[in-house]
Amino acid sequence: MRQTGRGQGIQVLNARGITTVGNLGSASDFTDIDNNWNNVNTNLDQFATDAYWGQEKTYDYYRNRFNRNSINNQGYLLRGYVHANLVSMYGIPNNVNAFWDTDKMLYGDGGTQNNVQVRPLTAVDIVGHEITHGLTQFTAALGNSGEAGVLNESFSDIFGTAIENYAKGYNFNWTVGENTGLIFRSLSNPNAYSHPDTYGGTF
Ligand SMILES: [Zn+2]
């Protein structure tokens, strides 16, 4: 699951069984004998295809809308890892999460949250959100804390949503993550998911 057709490339690798970030170099490739990626199995490898498609569409969005060649405008290789064990790698409570970490995307396999069984975090709005953190790192460098961190998150939500709508032909929705089975945020009604809709507003 690799290509060199966009910038310096797009890749999705399999992090199953890897427990530390430092060992991601041993992640394996996904392969498909006929290049028709209907790789549905009990390991949930079909979600790798979602991540890959999302990474392609994110590249295409920035290229076609802003003439930008990947996140650093120099073709930066977009590499993602699915089946990432975020609990052991980062010490967070569960795998209902996805990250941009320095130079790569990591997608957790989901789990139970708010009594909902959440699927792997590879929906295109989430993929676009994480890659946009990379773009912000290369441009505004807003960091993760305080008002800068909140702006960083906001830009990722805004562009993640724009990327989803670009990818799906502008059949608009304003929610984040709905295709995982759980809505994390709403851009049209932030209060509905315990986020403020104005500076200093409720939540
Ligand atoms: Zn984020």
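Reply: Let's start with helix H3, which is mostly covered: 13 of its 15 residues are buried. Buried means under 20% relative accessible area, exposed means over 50%, and partly exposed is in between (1.4 Å probe, protein chains only). Helices are DSSP runs of H or I with at least four residues, strands are E runs with at least two, and both are numbered from the N terminus. This is a predicted model, where local features need pLDDT of at least 70, side-chain atom pairs count only at pLDDT 80 or more, and totals for chains, interfaces and linings use all residues. Residues are numbered from 1 along each chain as its sequence is written, and side-chain values use heavy atoms, with hydrogens and water left out.

From its first C-alpha to its last, H3 reaches 21 Å, close to the 21 Å expected for its 15 residues at 1.5 Å a residue. That expected span is 1.5 Å times one less than the number of residues.

Now for what H3 holds. His129 and His133 sit four residues apart in H3 (residues 124-138), so about one helical turn separates them. His129 counts as buried because its relative accessibility is 5%, and His133 counts as buried because its value is 10%.

The side chain of Ser156 makes a polar contact with the side chain of His133, at 3.2 Å. A polar contact is a pair of N or O atoms within 3.5 Å; within protein, one must be able to donate a hydrogen and the other to accept it, and sequence neighbours count only if both atoms are side-chain atoms. Ser156 is in helix H4, and with a relative accessible area of 0%, Ser156 is buried.

Staying with H4 takes us to some rings. Phe159 in H4 (residues 146-167) pairs with Phe66 in helix H1 (residues 46-66), linking distant parts of the chain 93 residues apart. The pair of Phe66 and Phe159 is edge-to-face, 6.3 Å centre to centre with 70 degrees between the planes. Rings of Phe, Tyr and Trp (its six-membered ring) pair if their centres lie within 6.5 Å; planes under 30 degrees apart are stacked, over 60 edge-to-face, and the rest tilted. By this rule the count comes to 11 aromatic pairs. Phe66 is partly exposed because its relative accessibility is 47%, while Phe159, at 25%, is partly exposed as well. Tyr61, Tyr62, Phe66, Phe159 and Tyr166 form one aromatic cluster.

The C-alpha atoms of Ala51 and Val82 are separated by 7.7 Å, though the two are 31 residues apart along the chain. In the loop between H1 and strand S4 (78-82) you'll find Ser70, which is buried at 3%.

Finally, the record. UniProt lists "domain: Peptidase M4" (unreviewed entry) for residues 5-137. That stretch is 30% helix and 20% strand, with its end C-alpha atoms 24 Å apart. UniProt also places "domain: Peptidase M4 C-terminal" (unreviewed entry) at residues 141-200, a span that is 37% helix and 7% strand, with end C-alpha atoms 23 Å apart. UniProt positions are in the numbering used here, feature names are shortened, and annotations may be inferred rather than shown by experiment.
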